[in-house]
Amino acid sequence: MNKIYSNILDMVGNTPILKINSIDTGLCELFVKLENLNPGGSIKDRVGLQMITDAENKGLLKKGGVIVECTAGNTGLGLALAAKLKGYKLILVIPDKMSKEKVMHLEAMGVDIIFTRSDVEKGHPEHYQDLAAKIVSETPGAFFTDQFNNPSNPKIHETTTGPEIWEQMEGNIDAFVAGVGTGGTISGVGKFLKSKNSKINIVIADPVGSVVADAVNTGSYKYENGSWLVEGIGEDHIPGNLNLDIIDEGIYVSDKDAFEMLNKLLQEEGILAGTSCGTLVHAAVEWCKLQKTPKKVVTLICDTGNKYLSKAYNKEWLEENF
Ligand SMILES: Cc1ncc(COP(=O)(O)O)c(C=O)c1O
């Protein structure tokens, strides 16, 4: 810990794990990996940096090039950090429901932001992923990082996040719980953990209204215009980077339960967590309480609650929305 770093990008990853102490987890012990402590405040710093590094190594991104991405904000911040230090221009397509703190942070970093609707399905020209693909086709020299399909995304979790968890837990882990935005985290971490011990349960925490838990639990799904307030997780389709073969179970979590858990995390554990963490920790606690024997469970604090002060930690907003 006495090390002095010479580049902020070297500080991405190697995040600590904290044991949950006060929240009731039944017979189990619950641990959270604090990805909020990455330099850009989220787990997506890992992905942003790796997608740029791999594109450079493959010759897909040339000096002064333009990077385009569609993002709920955090991947944008991870990309912005690496793009700024490496000298690339960044264009981001962002759904309009995203918190103003994330948008202000991106604006402060000099990113070109294009807002689009969050109430349209994939396949609609204004859906953030479809719009990003269109911008790429119309921008000469643009590189689409495409976090939803880019193999660098699960790869960085398979080679860093997963091994870190395994080492920090000294191999004593029975379940890993995460949400799905692109599927990169759960697919990469899940693949690594299963390669170490195929008995480890890989569990998806999914907002009610999203299709991912249905796809896991029933093998089929139908999107019915569901919407949810937590940011960064939940989908209307199965993203290319989600490897359903390694997932054991999906747990449905309402916004109400997720936001109540956020408050508990702050009041009882002192963790100021981002909204998706409410979904993850609620699902992890639910899984813990169903166990008949003691188990060790790991989940993530994907990002910092500082990004959501105007929403999740604002009384008026909470009263209006619940
Ligand atoms: C806050 C937050 N949590 C979780 C995730 C989900 O991670 P993944 O895209 O690896 O499935 C994201 C992704 O955008 C996110 O922004």
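## Secondary structure and overall form

The chain of this predicted model contains 10 helices and 10 strands, where helices (H or I, at least four residues) and strands (E, at least two) are DSSP runs numbered from the N terminus. Its radius of gyration, taken over C-alpha atoms, is 19 Å, close to the 20 Å that the globule rule (2.2 Å times the number of residues to the power 0.38) gives for 322 residues, so the chain is as compact as a globular protein of that length. Along the principal axes, the C-alpha atoms fill a box of roughly 60 × 45 × 40 Å.

Of the 322 residues, 57% count as buried, a term that stands for under 20% relative accessible area, with exposed over 50% and partly exposed in between (1.4 Å probe, protein chains only).

## Aromatic rings

The structure holds 3 aromatic pairs, counted when the ring centres of Phe, Tyr or Trp (its six-membered ring) lie within 6.5 Å, with planes under 30 degrees apart called stacked, over 60 edge-to-face and the rest tilted. The rings of Phe 259 and Phe 322 have centres 5.1 Å apart and planes at 55°, so this pair is tilted. Because Phe 259 lies in helix α8 (residues 255-269) and Phe 322 in the segment after α10 (315-321), the pair ties together parts that are 63 residues apart in sequence.

Phe 259 is buried, with a relative accessible area of 8%, whereas Phe 322 is partly exposed at 45%. Together with Trp 317, Phe 259 and Phe 322 form one aromatic cluster.

## Basis of the values

Residues are numbered from 1 along each chain as its sequence is written, and side-chain values use heavy atoms, leaving out hydrogens and water. Local features need pLDDT of at least 70 and side-chain atom pairs count only at pLDDT 80 or more, while totals for chains, interfaces and linings use all residues.
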